[in-house]
Amino acid sequence: MHQLLQQIFSGLAAGAVYASLALALVMIYRATDLVNFAQGEMAMFSTYIAWTLVNAGLPFWAAFVLTLVASFLGGMTIERIIIRPVENAPVLVTVVVTIGLLLIFNALAGWIFTYTLQEFPSPFPDRPLFGALMTTRDLGVIGVTLVMLLLLFAFFRFTATGLAMRAAAQNPESARLCGIPVGRMLAIGWGLAAAIGATAGIMVAPVLFLDPNMMGGVLLYAFTGALLGGITSPVGAVVGGLIVGVTENLVGTYLIASQLKLTVALALIILVLVFRPNGLFGTAIVRRV
Amino acid sequence: MSEGLAVPQDAAAARYGGLDAGAWRWIAALALIALTAALPFAISNYHAFELTLVMIYAIAVLGLNILTGYNGQISLGHGGFFAAGAYTAAILMHRYGVPYWATLAPAGLVCFALGVLFGLPALRFEGPYLALVTLAMAVATPQLLKYFDSWTGGQQGINLVKIQPPPGLGIDRDRWLYLVVLVVLLLAMRVAANMLNGRTGRAFVAIRDQPIAAAAMGIDVARYKTLAFGTSTALTGIAGALSAMVISFVAPESFSLFLSLSFLVGSAVGGIATISGAIVGGLFIEFVPNLANDISDAAPWAIYGLAMLLLMYAMPRGVAGSVGLLLRRFQSRRAAPGEGDQDHKGRMP
């Protein structure tokens, strides 16, 4: 029982990271109606920025904030320059473009920072808590994710920009007629998603060690979480990400060898898509012919 | 043949030197094939080996083109089927002593079956979702290969005995394999052309462009989508089997996500809904990374990524597609007004 609880808590910590990245995916899907395959590599690149800043002698939290700002600006720039021209292009084009971005970020990171594994500092000490049920590091990761979620919720619920962004995502034409600068809102959406992804990268890097391919598996789990929760639902993404984190940990501990964890994610994706294509919280999209 | 058409045909016959355009096309194609078959004897062994790989990639990209280009189902996981073909051939040769030429058909069949099995749930996935599922498959492939190590040799992979050319022919191994792969490539292109230019190909394209209208016209969408999946993966699997023969070695790490993405890049570069574009794609996949490696380890992927972005903005039809478009424009400008629609004539029922 003790081991089970332990595994659930460490699953929740991993799940918090998946949930953040899943949330970033959902934000971009809602805003620009495309699946961003480069989300993980963007997060990895942001993590390298944080790593450079920390190595330059900045205190951790200052580097953290600076990285979020840089990622936000970077995300906006990507939307403006790379995504805007293919906004209304067929799915194939947007998939190829985001895959191209994935390759470019991966290669850039390899080029600039080399492919060797780097240690990344954790802001939280690694001490056991509550009779070794969880560690302070797990608690810290979950805490940071919760704070971020609350801030995001408050932003979308209580600020004028948040409201405008929701309007722009839901009905671009009407929003534009109301005087909302839809293009700028979409860019802000990409910026926010990049910043959320950066948080996920920084939180996971102390565990996985930093290298250009760090986020490959994480991105897959995040996709699974987003699909499980429903790719149109932010709440769903968070719940889905947490479920995937816990499932991954339990399955890896009790059922099968941990080399097959990614295959479990694949099976889970297929099952969700076959039996509940809109996920647990998503809404069905009706298409007109 | 009516009287009215006889005159322009005579004129055309005179212009083409007594043979009609179709015959000239055949002669040109045969000459090109003869030239390609003679090529390995004019270059070094290593270059022949490189060109063999180009043709193998071309077959794999052709498979992807059928699925993604013609049928509109996006796959980021064809590296997985390439691996399945390679391992089928390797296991047959290594464990059961099957001669290499007899492994192509089983590899194709296994991958056809896998593709159909994968295509059935894929019927429910649209656009980005299918891309996602196949991406997950590509990521999981090396892990799966390592896990079933009693069959696949795990991390170490399988070392194969080098294939020897038939004795008495007097050519060496690299050139023999070049010719074998060339024959398979030509067959694959012929089969693909027959399928895509006929009823099946029209059904594929109709489903890609307007799935609902296609269903309303009586096209069995599920059947054709599954067929596209199976044919596509069978071709890619055969390419995988050929790669196992040529390289004499298979290991999980050769079939990473980046192999799948290479196929997609090759497909986009060559022209995603073309047959000849597959060769351009094969050339790109084989030679561009080699050239770029001189700059940096990371450069090939950077160039792949940039090529994908630029092509999507500048040449969405790929190299072969754009050249084809230019040729058609050029021809229709030269042709007399009445002849301008000759493109459609052959397709009339």
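Helix H3(B) has a kink of about 30°, centred on B:Leu64. A bend at a residue is the angle between axes fitted to the seven residues ending there and the seven starting there, and helices (H or I, at least four residues) and strands (E, at least two) are DSSP runs, numbered from the N terminus. Welcome to a predicted model, in which local features need pLDDT of at least 70, side-chain atom pairs count only at pLDDT 80 or more, and totals for chains, interfaces and linings use all residues. Residues are numbered from 1 along each chain as its sequence is written, while chains are lettered from A and ligands numbered from 1 in the order in which they are written.

**How confident is the model?**

- The model scores ipTM 0.81 and pTM 0.83.
- Chain A has a mean pLDDT of 84, with 94% of its residues at 70 or more; pLDDT is the predictor's confidence in each residue, from 0 to 100.
- Among the elements of chain A, helix H2 (residues 39-55) has the highest mean pLDDT (92) and S1(A) the lowest (70).
- Chain B averages a pLDDT of 82, and 88% of the residues score at least 70.
- Among the elements of chain B, helix H11 (residues 221-247) has the highest mean pLDDT (93), and helix H16 (residues 342-345) the lowest (39).
- Take care with residues 1-7 of chain B, where pLDDT stays under 50 and the model has one contact beyond four places in sequence. Two residues are in contact if their C-beta atoms, placed from the backbone, lie within 7 Å.

**Chain B as a whole**

- Chain B contains 16 helices and two strands.
- Of its 349 residues, 46% count as buried. A residue is buried if 20 or more other C-beta atoms lie within 10 Å of its own, exposed if 12 or fewer, and partly exposed in between, with C-beta atoms placed from the backbone.
- Among contacts in chain B between residues at least 6 apart in sequence, 78% join residues at least 24 apart.

**Where the chains meet**

- In chain B, 39 residues are in contact with 38 residues of chain A.
- Helices H6 (127-147), H12 (257-270) and H14 (299-314) of chain B are the elements that give two or more residues to the side of chain B that touches chain A.
- H6(B) supplies the largest share of that side of chain B, 15 residues.
- By class, the side of chain B that touches chain A has 31 nonpolar, five polar and three charged residues. Here Ala, Val, Leu, Ile, Met, Phe, Trp, Tyr, Cys and Pro count as nonpolar, Asp, Glu, Lys and Arg as charged, and the others, Gly among them, as polar.
- Leaving aside neighbours within four places in sequence, B:Ala136 is in contact with A:Leu220, A:Ala265, A:Leu266 and A:Ile269.
- The largest nonpolar core has 204 residues, of which A:Leu21, A:Leu25, A:Ile269, B:Ile59 and B:Ala136 touch the most other members. A nonpolar core is a set of buried Ala, Val, Leu, Ile, Met, Phe, Trp, Tyr and Cys residues joined through C-beta atoms within 7 Å.

- The expected span of a helix is 1.5 Å times one less than its number of residues.
- H3(B) is mostly covered, with 20 of its 26 residues buried.
- After H3(B) comes B:Gly72, whose phi is positive, near 75°.
- Helix H8 of chain B (residues 173-196) has 24 residues and reaches 34 Å from its first C-alpha to its last, close to the expected 34 Å.
- The buried residues of H8(B) include B:Leu177, B:Tyr178 and B:Val180.
- In chain B, the buried residues of H8 pack against H3, H5 (104-122), H9 (199-209) and H11.

**Residues to look up**

- B:Gly108 lies in helix H5 of chain B, and counts as buried because it has 25 C-beta neighbours inside 10 Å.
- Leaving aside neighbours within four places in sequence, B:Gly108 is in contact with B:Ala234, B:Gly237 and B:Ile238.
- Most residues other than glycine have a negative phi.
- A:Thr114 has a positive phi of about 60° although it is not a glycine; A:Thr114 is found in the loop between helix H4 (91-113) and strand S1 (128-129) of chain A.
- B:Ser248 also has a positive phi of about 60° without being a glycine, and lies in the loop between H11 and strand S2 (249-250) of chain B.
- B:Ser248 counts as partly exposed because it has 15 C-beta neighbours inside 10 Å.
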